[in-house]
Amino acid sequence: MHSASCLVNSYDERCTMHDEREDGGEMKAAVYLGKESIEIKEVDKPKVKKGEILVKVHSCAICGTDVRTYFHGHHAIKPPHILGHEVAGEIAEIGEGVEGYKQGERIHMVTEVGCGKCKFCIEGRHNLCPELKAMAYYYPGGFAEYILIPYQGVIQGNLLPIPEGLSFDEATLAEPLSCCINAQEYLNVVSGETVVVAGAGPIGCMHAELARLSGAAKIILADISQERLTMGKKFGANIVVNSTKDAVVDRVKSETEKRGADVVIVACPDPRAQEQALQMIATRGRISFFGGLPAGKTITIESNIVHYKEISIFGAFASFAAQYRRALELLASKKINGDDLITHRFPLEKIKEALEVARSGKGLKVIVKP
Ligand SMILES: [Zn+2]
Ligand SMILES: [Zn+2]
């Protein structure tokens, strides 16, 4: 879930600490209590009701959204709440009436829970459902020993089998990777093209990898952190540009005989980077505004560039099950090597440290192991 959407949170209502699930035993969870406050607590283990599935969490990766929520708060998340939506685990308990799953099955969780009735849900694009209720936003998340998959998530098919040979840690990457796939399906990178990725975080690196798999001839990765660029070199990028030292637009022009890039993906929450995308795009180029901007920020678009050069600008928000499946396949076949993207692992008890590392930009994906 890579954006700030207006999701309703109600951990207060849903939280196992507040409802009548007292007979299911206890579990350890990292409970988010407000800005820079998160505590390991014993909370009631969710009791599985009809149509629901309980998953034992083995790995839950930290997303940029978790970091932002922890350090700055999130308009739709009211503490106390359990964060963490990049979940891999095994089925622990199956509620009455659920068919087709077995205990112990290794699964990756789809975050988006749609209404099941609207135009987008019928198309399978639950991410665009106007009544989207996401795991770890509306429902409690995966920084806990167990996560309960609600009835609507079960009937929607939100538990995907983890392919053989793919570890729990690597499987968590399917969620962010599926979001990148969602963006690149619009962009349709073809062989020989030049692709610029602004932002060399885990998302930027995944975008570079997907562009490489699509046959991009030149992939230019830009970031303000030299550390991240050095790591980013492992992921499909031919050229890395430190945008604090180098003028990115000029560099892209000089790398493309002044044509500009065929595709620009802005994978950082920087309004300037979005504006620069228009300055370095080639005729008939495609731009993805992948990352959301901080609330209230807007940009100025020189629309004549869009008009005269026939530019397309695409959005991308979260992803849907078919894209998660594709992501799992890419990871299982090692076409994208998940292990390279994982730089840190922490037990649940050290979640504060894990969030600090994720914010520092010193690594790429940080995994929490409940
Ligand atoms: Zn995520
Ligand atoms: Zn819907």
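Trainee: How are the donor residues of the zinc ion (ligand 2) spaced in sequence?
Mentor: The spacing is C-x2-C-x2-C-x7-C. Before going on, keep the ground rules in mind. This is a predicted model, where local features need pLDDT of at least 70, side-chain atom pairs count only at pLDDT 80 or more, and totals for chains, interfaces and linings use all residues. Residues are numbered from 1 along each chain as its sequence is written, chains are lettered from A and ligands numbered from 1 in the order in which they are written, and side-chain values use heavy atoms, with hydrogens and water left out.

Trainee: Fine. Which atoms are the protein donors of that zinc ion (ligand 2)?
Mentor: Cys115 (SG), Cys118 (SG), Cys121 (SG) and Cys129 (SG), lying 2.3 to 2.4 Å from the ion. Donors here are N, O and S atoms within 2.8 Å of the metal (3.2 Å for Na, K and Ca); water is not among the atoms, so sites may look incomplete.

Trainee: And where do Cys115 and Cys129 sit?
Mentor: Cys115 is in the loop between strand E5 (106-109) and helix H3 (119-122). Cys129 is in the loop between H3 and strand E6 (146-149). They are 14 residues apart, and the pair links distant parts of the chain. Helices (H or I, at least four residues) and strands (E, at least two) are DSSP runs, numbered from the N terminus.

Trainee: Are those two buried or exposed?
Mentor: Cys115 counts as buried at 18% relative accessibility. Cys129 is buried too, at 6%. The cut-offs: buried is under 20% relative accessible area, exposed over 50%, partly exposed in between (1.4 Å probe, protein chains only).

Trainee: What is the geometry at the zinc ion (ligand 2)?
Mentor: Tetrahedral, with angles of 104 to 116° among the four donor atoms. Four donors count as tetrahedral if all angles lie between 85 and 135 degrees; four count as square planar and six as octahedral if opposite donors are over 155 degrees apart and all others between 65 and 115; anything else is irregular.

Trainee: Now the zinc ion (ligand 1). What coordinates that ion?
Mentor: Cys63 (SG), His85 (NE2), Glu86 (OE) and Glu175 (OE), at 2.1 to 2.6 Å. The site is irregular, with angles of 83 to 168° among the four donor atoms. Along the chain the spacing is C-x21-H-E-x88-E.

Trainee: Where are Cys63 and His85 in the fold?
Mentor: Cys63 lies in the loop between strand E3 (53-61) and H2, His85 in the loop between H2 and strand E4 (86-94). Cys63 is buried at 1% relative accessible area. His85 is buried at 0%.

Trainee: Switching topic. Which peptide bond is cis?
Mentor: The one joining Pro79 and Pro80, with omega about 0°. Pro80 is in the loop between H2 and E4.

Trainee: What is phi at Lys258?
Mentor: Near 70°, a positive value in a residue other than glycine. Most residues other than glycine have a negative phi. Lys258 is in the loop between helix H9 (248-255) and strand E11 (261-266). Its relative accessible area is 71%, so Lys258 is exposed.

Trainee: And Arg284, where is that found?
Mentor: In strand E12 (residues 281-289). Arg284 has a positive phi of about 60°. It counts as exposed at 57% relative accessibility.
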